[in-house]
Amino acid sequence: MNQPPRARAAGLACGAGKPGPLNAITDVPGVTVGHCTRAEGAIQTGVTAIRPHSGNLYRDKPLAAAQVLNGFGKSIGLVQVAELGTLETPILLTNTLSVGTAATALVRDAIRQNPDIGRETATVNPLVFECNDGYLNDIQALAVTEADCHAALFACSEEFALGAIGAGRGMSCFGFKGGIGTASRRIRLDGRGYTLGALALCNFGRAGDLTLPDGRRIAPPKPAETVEKGSVILILATDVPLDPLQLRRVATRAGVGLARLGAFWGHGSGDIALAFTTANCVNHDEARALVPFQRLNDGKIDRLFEATADSVQEAVLDALITADAVTGFAGHHRPALREVL
């Protein structure tokens, strides 16, 4: 597909930090992203997959943490992440009524790699996040299949499409067409370069509230709603060694980027951020009683907080500026932000 110019090229860069080579979550070494898109008349939906690393995630679990900004959501797997501070499957994003299907697909994928799951060793915690794409997508059709989920997992790579793609196909944002966006920032610590990257699934924001980095407030020509009732899922990745408490603090700062855009996390929103590090992993088969561990000096963590706020803000703008207009279920339409700018 032909990718429209991204937010930075359209003059919508955020903050003074320097992005990575791709300005994407996949600038973090080992992280990959893939999509499967369903765009067939009233069916406007899909799946987006994020692989934290290319190995066996059940055997080598990245440390992680989540922050729920507003909990009107139906995600799977957050309880165990909060308790143990690890991931053990890829992350799938999809629509609200397809969460169970996506979870089953992740379980099957994990069992395929680890036949001992649930028999000789523990069960597995699939991690699935959702937004409600029911305005543009016939969500009751339950169109997403396990095959779609496996296709997204198989498609994971460093370079991936943005906008009305994958899980973002049927999403809306500030009254415009929403979707998938991404951004990254480079960080120097002890003379070495690190990266923090964000991926945003954007389905939130009241029409007329969108605020651009230059202060302009932008509204669609004919707003369909006047209340805030959407959702946003933010996935943050870094190769800085952090512990789960630090990761939760980083995830919390994702809210700064959303607030800069004019969002206030309304009553009906499912606004969730999850952060993981590729630098610290837990070995499922570890035999030692004590293991060595490295973590960032808390006195240096502000650099990650700033990188998070800037990356999230730009990732959302990236989704908006790259998303094409879509007409879907019941003739509902969302215009592209590019049409107004």
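Arg334 lies over the face of Tyr135, at 4.0 Å from the ring centre, where a charge sits over a ring if NZ of Lys or CZ of Arg is within 6 Å of the ring centre and within 35 degrees of the ring normal. This is a predicted model, in which local features need pLDDT of at least 70 and side-chain atom pairs count only at pLDDT 80 or more, while totals for chains, interfaces and linings use all residues. Residues are numbered from 1 along each chain as its sequence is written, and side-chain values use heavy atoms, with hydrogens and water left out.

| Charged residue | Ring | Distance to ring centre |
|---|---|---|
| Arg334 | Tyr135 | 4.0 Å |
| Arg253 | Phe305 | 3.8 Å |

The structure holds one aromatic pair, a term that requires centres of Phe, Tyr or Trp (its six-membered ring) within 6.5 Å, with planes under 30 degrees apart counted as stacked, over 60 as edge-to-face and the rest as tilted. Phe174 and Phe204 form this edge-to-face pair, at 5.2 Å centre to centre and 65° between the planes. Because Phe174 lies in the loop between strand 6 (172-173) and strand 7 (176-177), and Phe204 in the loop between strand 9 (192-203) and strand 10 (210-211), the pair ties together parts that are 30 residues apart in sequence; strands are DSSP runs (E, at least two residues) numbered from the N terminus. Phe174 is buried at 0% relative accessibility, and Phe204 is buried with a relative accessible area of 3%, buried meaning under 20% (1.4 Å probe, protein chains only).

By class, the lining of the largest pocket has ten nonpolar, eleven polar and eight charged residues.

Definitions and conventions. Helices (H or I, at least four residues) and strands (E, at least two) are DSSP runs, numbered from the N terminus. Buried means under 20% relative accessible area, exposed over 50%, partly exposed in between (1.4 Å probe, protein chains only). Ala, Val, Leu, Ile, Met, Phe, Trp, Tyr, Cys and Pro count as nonpolar, Asp, Glu, Lys and Arg as charged, and the others, Gly among them, as polar.
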